[in-house]
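This report describes one protein model for a reader who has not seen it before.

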Amino acid sequence: MEMSFEVMLCNFTSGVRVVSFPNIVDPVIIRNASPRFPFTFEVMYAGSRHNRYPGETRVRLDLSGLVSFYDTELVPSLVPARFGKERWDHRLLNISTEDAVRVKARLEEALSRPAGSSSGVDWQALIRVVVDRYSERLRVVQYLLNSTDTNSYEPDSVINYAIKTQVQLRHMVMPYIGVNVTPRSIGANANRTASDVLDWAHPVYKLCATTHTDRLKDCTMTPSEKLLLDAVQGTMREICRVVTKMWGLGVSVGVDQFMGIDREPDVETIQNTMKIWRSDVDELMAWLDWNVWVKCRPECGPEEICYLTTWPAGFPAPHERARVPRPDEGGHVPPLPSQSVPDSTPVPTDTPVPWRGGMADRELAEDWQRPQPRCIPRIHLYNVGMQFAASDF
């Protein structure tokens, strides 16, 4: 177990053997250790090394046996319970008895199925391909659209940023633009609905949305794999719908350098298009909510670490959750874990504090319910006293 994840083994006699069992000294109760020994911080830092892809590579997840409470066919009772709530607030509290029984049965089925009964698709690689292809491009598009005032009266600046944005959009759909894809002329758009204006781009959308998964539909899959396939297909449809629409609008208003219509760019039309772009990309990225976008900006310095409030530091104990005030209801804002002085007194085993050597004041981090990345210091925590204490062992 580490601070950022844990593994539960149901049977230690099956496939597990003891490699070593050393009795390591506990730095929290070293008599001569500095009172500023940053034990809690270092434990969290050690766990954070696996936060990014590819994660803990010594553990290989069998995604063909994935059981998810987001499977709306398996657990329909949670759909209304989650409606209108952010992902932070999704819980299993309202699951029905019938759904709980189905989940247990699905889990038992996944654990007991014979080897080789899955499709053999590397789902982790497929999902990573999608994320790698679109995550950085979408972030750049969002950055460009937030870098200019769409109400600006400087035509050159507006057109310049529109062209830069269109370049990014075009690169995302370029592998799907066939030689027969041709935008309609201005006259052909008269008296047509908004959706009909971009119907010429539909082949681009269709190829974009199906390229990565079209050949998988004939594979024999487990129920878990069918769920993963549906998730990837749904994600690709939404990404390609939004990106193709944005690119098509750029072509229609004349800011695409390789394809477009013969007319001078109209600044007011481009300004309105950029407002639509901004709304579209913000909504898409909020819907995707990929963890690759959870970063410290600007990047942290060499003596800092990008920190995301991590249990248990700054979190209430389980038995205290019901009476903890929310940050917006006057909850106290404590220092960060790395800036707090741990209690060097050994903690009794029956103490409800969920980790040894934790912050004595048990104050809550202001963002424990909605953790946000931020840079915190990690080097200056070590002082001269710490160096002498370290040399003692």
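The expected span of a helix is 1.5 Å times one less than its number of residues. Helix 4, with 24 residues, reaches 34 Å from its first C-alpha to its last, close to the 34 Å expected at 1.5 Å a residue. The model is a predicted one.

**Overall make-up**

The protein has 10 helices and two strands. Along the sequence these elements follow the pattern α-α-α-α-α-α-α-α-α-β-β-α. Of its 393 residues, 35% count as buried. The accessible surface comes to about 24500 Å², and 54% of that surface belongs to carbon and sulfur atoms. Among contacts between residues at least 6 apart in sequence, 79% join residues at least 24 apart.

**Helix 4**

Helix 4 covers residues 123-146. At Tyr134, helix 4 bends by about 25°. The buried residues of helix 4 are Trp123, Leu126, Arg128, Val130, Val131, Tyr134, Ser135, Leu138, Val141, Leu144 and Leu145. What covers them? The cover includes helix 5, helix 7, helix 8 and helix 9.

Gln168 counts as buried because its relative accessibility is 16%, and buried means under 20%. Leaving aside neighbours within four places in sequence, Gln168 is in contact with Arg137, Val140, Val141 and Leu144. Val141 and Leu144 are also among the buried residues of helix 4.

**Helix 3**

Helix 3 runs through residues 97-112, 16 residues in total, and reaches 23 Å from its first C-alpha to its last, close to the 22 Å expected at 1.5 Å a residue. Which residues of helix 3 are buried? They are Asp99, Val103, Arg106 and Ala110. Seen down the axis of helix 3, the buried residues fall within an arc of 65°, so they line one face of the helix. An α-helix has 3.6 residues a turn, so residues three or four places apart point the same way. The buried residues of helix 3 pack against helix 8 (223-252). On the face turned away from the buried side are the exposed residues Thr97, Glu98, Val101, Lys104, Leu111 and Ser112.

**Nonpolar cores**

The largest nonpolar core has 50 residues, and the members that touch the most others are Tyr134, Leu138, Trp247, Trp277 and Trp290. At least two residues of this core come from each of helix 4, helix 5, helix 7 (202-210), helix 8 and helix 9 (267-288). Helix 8 gives the most, with 12 residues. Apart from this core lies another, of six residues, among them Ile305, Tyr307, Ala313 and Ile376.

Leaving aside neighbours within four places in sequence, Trp277 is in contact with Leu145, Ala162, Thr165, Gln166, Leu169, Met246, Leu249, Gly250 and Val255.

**Loops**

Ile95 is found in the loop between helix 2 (78-82) and helix 3. Is Ile95 buried or partly exposed? At 23% relative accessibility, Ile95 counts as partly exposed. The residues Ile95 touches, not counting those up to four places away in sequence, are Phe69, Val75, Ser77, Leu78 and Ala100. The C-alpha atoms of Ile95 and Pro76 are separated by 8.5 Å, while the two residues are 19 residues apart along the chain.

Most residues other than glycine have a negative phi, and most peptide bonds are trans.

| Residues joined | Omega of the cis peptide bond |
|---|---|
| Tyr53 and Pro54 | about 5° |
| Arg297 and Pro298 | about 0° |

Pro54 is in the loop between helix 1 (39-48) and helix 2. Pro298 lies in the loop between helix 9 and strand 1 (304-307). Asp289 also has its place in the loop between helix 9 and strand 1. Phi of Asp289 is near 55°, a positive value in a residue other than glycine. With a relative accessible area of 44%, Asp289 is partly exposed.

How values were computed
Residues numbered from 1 in each chain as written. Predicted model: local features only at pLDDT ≥ 70, side-chain atom pairs only at ≥ 80, totals over all residues. Heavy atoms only, no water. Helix = DSSP H or I, 4+ residues; strand = E, 2+ residues; numbered from the N terminus. Buried < 20%, exposed > 50% of the residue type's maximum accessible area, 1.4 Å probe, protein only. Arc of directions from axis to C-beta. Contact = heavy atoms within 4.5 Å. Core = buried A, V, L, I, M, F, W, Y, C linked by side-chain atoms within 4.5 Å. Bend = angle between axes of the 7 residues up to and from the residue. Areas by Shrake-Rupley, 256 points an atom, 1.4 Å probe, with all protein chains shown as cover.
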